[in-house]
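This report describes selected packing and pairing features of the structure shown below. Please consult the sequence and coordinates alongside the text.

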Amino acid sequence: MRQCKDKAHSLSTMSWSLDLVPLPPCVLLGGPPFSGLLWTVLLLFLWYCYRVGSDPPSHPGMLKNSSSRSTFSRSSSRSPVDPGHSAPKASAAITLEMVEEEEGTESYLTPVWSHAPFPIEAAAGSRKLYRALQEYAKRYSWAGMGRIHKGLRNQARINDRPSIQKPHLFYLPDVPSIPFFPRDAHRHDIEVLEATYPIILAEFQAVYQRGIDTKLGWTYQGSKGQAVFPIYNAGVCVASNCRACPYTYRTLLSLRTFISSNSLGSAGFWLLGPGATMGGAYGPTNTRLRCHLGLQTPSKCELVVGGEPQCWSEGHCLLVDDSFLHTFSHNGGAEDGSRVIFSVDLWHPNVAAAERQALDYIFAPEQ
C-alpha cells in the first residue's frame with residue numbers, strides 16, 4: 001500500500017520536458033519549437049476563418065442560383081469570341097435570367113440584378129411601374145423585391161393568356177390564390193367589422209336617406225343600378241364622405257391590413273339595385289382581398305367568383321379574391337330593395353411586409 005502511494009506521489013511531482021518531443025526549430029518566427037507550433041496552428045485557424053467567411057451563403061433558396069452563375073461564368077470563359085464583333089454588355093444579365101427562369105427556383109427573398117433588361121413588348125404602364133420599382137430600390141434596397149420584379153416583367157404575358165385569374169394591372173407570382181378565402185386569413189379585421197356592423201349600417205342608412213346623387217358623394221358604376229359611396233377611393237380618403245360616416249372611418253383606421261396608402265385600396269358602400277347584373281370582370285391585382293360585409297342582402301342576390309357561387313349574409317363578411325373572373329347579380333324585384341355591402345380592400349396574407357412597402361411606393365396615389 002505504501003509503495004503505491006509513493007509511486008503516485010512521484011508521478012504527480014514529475015516534470016515533463018518538451019525537449020522529449022523532437023520538434024524542428026522555427027527560424028522565421030523565432031523562439032523554442034513549441035511556440036513555432038502554436039504560431040502554425042494560429043495561422044491555419046485564421047486561414048480557415050478567411051475561407052469560411054469568403055464563401056457565399058449556401059441556403060436552399062440560393063443553391064441553384066449560385067450554380068447557374070458559376071455555370072455561366074465557366075461557359076462564357078470557354079466560348080470563343082469573334083474579335084470583329086463585340087458582345088453587348090447586358091448579355092451576361094440576359095443569359096443569367098434565362099437560366100433562372102428555366103429552372104424556376106427564384107425566391108422572393110433572392111436579390112435582384114438592378115441592370116436586368118425589361119421586356120421590349122411590355123406596355124407603357126408596366127414600364128412606368130418598373131421605373132418606380134427601380135427608384136424604390138435605389139432609395140431602399142432590392143432585397144425582397146424578387147417577386148415584384150418578376151411580376152412586372154411577366155405582366156404582358158399574363159394579360160395575353162386566357163385564364164380564370166387575370167389581374168389586368170399587376171400580378172404577383174407565387175401567391176396562393178383561391179376565389180374565396182377562409183375567415184382565418186384576416187380574423188382580427190373580420191371580427192372588428194362584424195362587431196361594428198350595427199353602427200356601419202346606421203351610418204349607411206343616414207347617407208342613403210339623403211338621396212343618391214353625385215353631388216352628395218355618390219358615384220355610379222356601369223348601369224344606373226350600381227352606385228358606390230366611397231370612404232376611400234384609390235388610396236385617398238374622400239374627406240366629405242368620411243365626415244358623413246365618422247364611425248365607419250374610424251373602424252377602417254383600426255384595421256390591421258386595410259390598404260390605405262396606395263391606389264390598389266378602396267373602401268365604401270356598394271349598392272346594387274333589383275334586376276342589375278355586373279358581367280364578368282377581373283380585379284386589378286392579386287395582392288389584395290376584398291372583404292364584403294353584408295348590410296342589406298335580399299335572398300335572390302348571388303356572387304360568382306372563379307366559377308364558385310356564394311351569397312352574402314347580413315352582418316357577416318366574405319373574403320373574395322377579385323382577380324378571378326367574377327360576376328354578381330340581383331335577381332329580386334323592387335319589393336326586395338337594393339343589395340348593400342360595405343367593401344374593404346385588405347392585403348393578401350401572403351404578401352410580405354417588404355413587398356407591401358414597395359407596392360405602396362410603386363402604386364402611390366396620384367396627387
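## Surroundings of helix H7

In this predicted model, the buried residues of H7 pack against H8, helix H10 (246-253), strand S7 (288-296), strand S10 (317-320) and strand S12 (339-347). Those buried residues are Asp189, Ile190, Val192, Leu193 and Glu194.

## Packing of H7 against H8

Two packed helices are described by the angle between their axes and the distance between the axes. For helix H7 (residues 187-195) and helix H8 (residues 197-209), the angle is about 55° and the axes lie 5 Å apart. Angles of 65 to 115 degrees count as roughly perpendicular and those under 35 degrees as roughly parallel; H7 and H8 are therefore oblique to each other.

On the H7 side, the contact is made by Leu193, Glu194 and Ala195, which meet Tyr197, Pro198 and Ile200 of H8. By class, this contact of H7 with H8 comprises five nonpolar residues, one charged residue and no polar residues. Leu193 and Glu194 take part in this contact and also belong to the buried residues of H7.

## The four-stranded sheet

Four strands form an open sheet in the order S6-S11-S8-S9, and their pairing is antiparallel. Strand S6 (277-281) and strand S9 (308-310) are the edge strands, each pairing on one side only. From one strand to the next, the twist averages 15°.

Valine 305 has glutamate 308, in S9, as its bridge partner.

Key: Residues are numbered from 1 along each chain as its sequence is written. This is a predicted model: local features need pLDDT of at least 70, side-chain atom pairs count only at pLDDT 80 or more; totals for chains, interfaces and linings use all residues. Side-chain values use heavy atoms; hydrogens and water are left out. Axes are lines fitted to C-alpha atoms, for helices over the stretch in contact, and angles run from 0 to 180 degrees between N-to-C directions. Helices (H or I, at least four residues) and strands (E, at least two) are DSSP runs, numbered from the N terminus. Angles under 35 degrees count as roughly parallel, over 145 as roughly antiparallel, 65 to 115 as roughly perpendicular and the rest as oblique. Contact means heavy atoms within 4.5 Å. Ala, Val, Leu, Ile, Met, Phe, Trp, Tyr, Cys and Pro count as nonpolar, Asp, Glu, Lys and Arg as charged, and the others, Gly among them, as polar. Two strands pair if DSSP finds at least two bridges between them. Buried means under 20% relative accessible area, exposed over 50%, partly exposed in between (1.4 Å probe, protein chains only).
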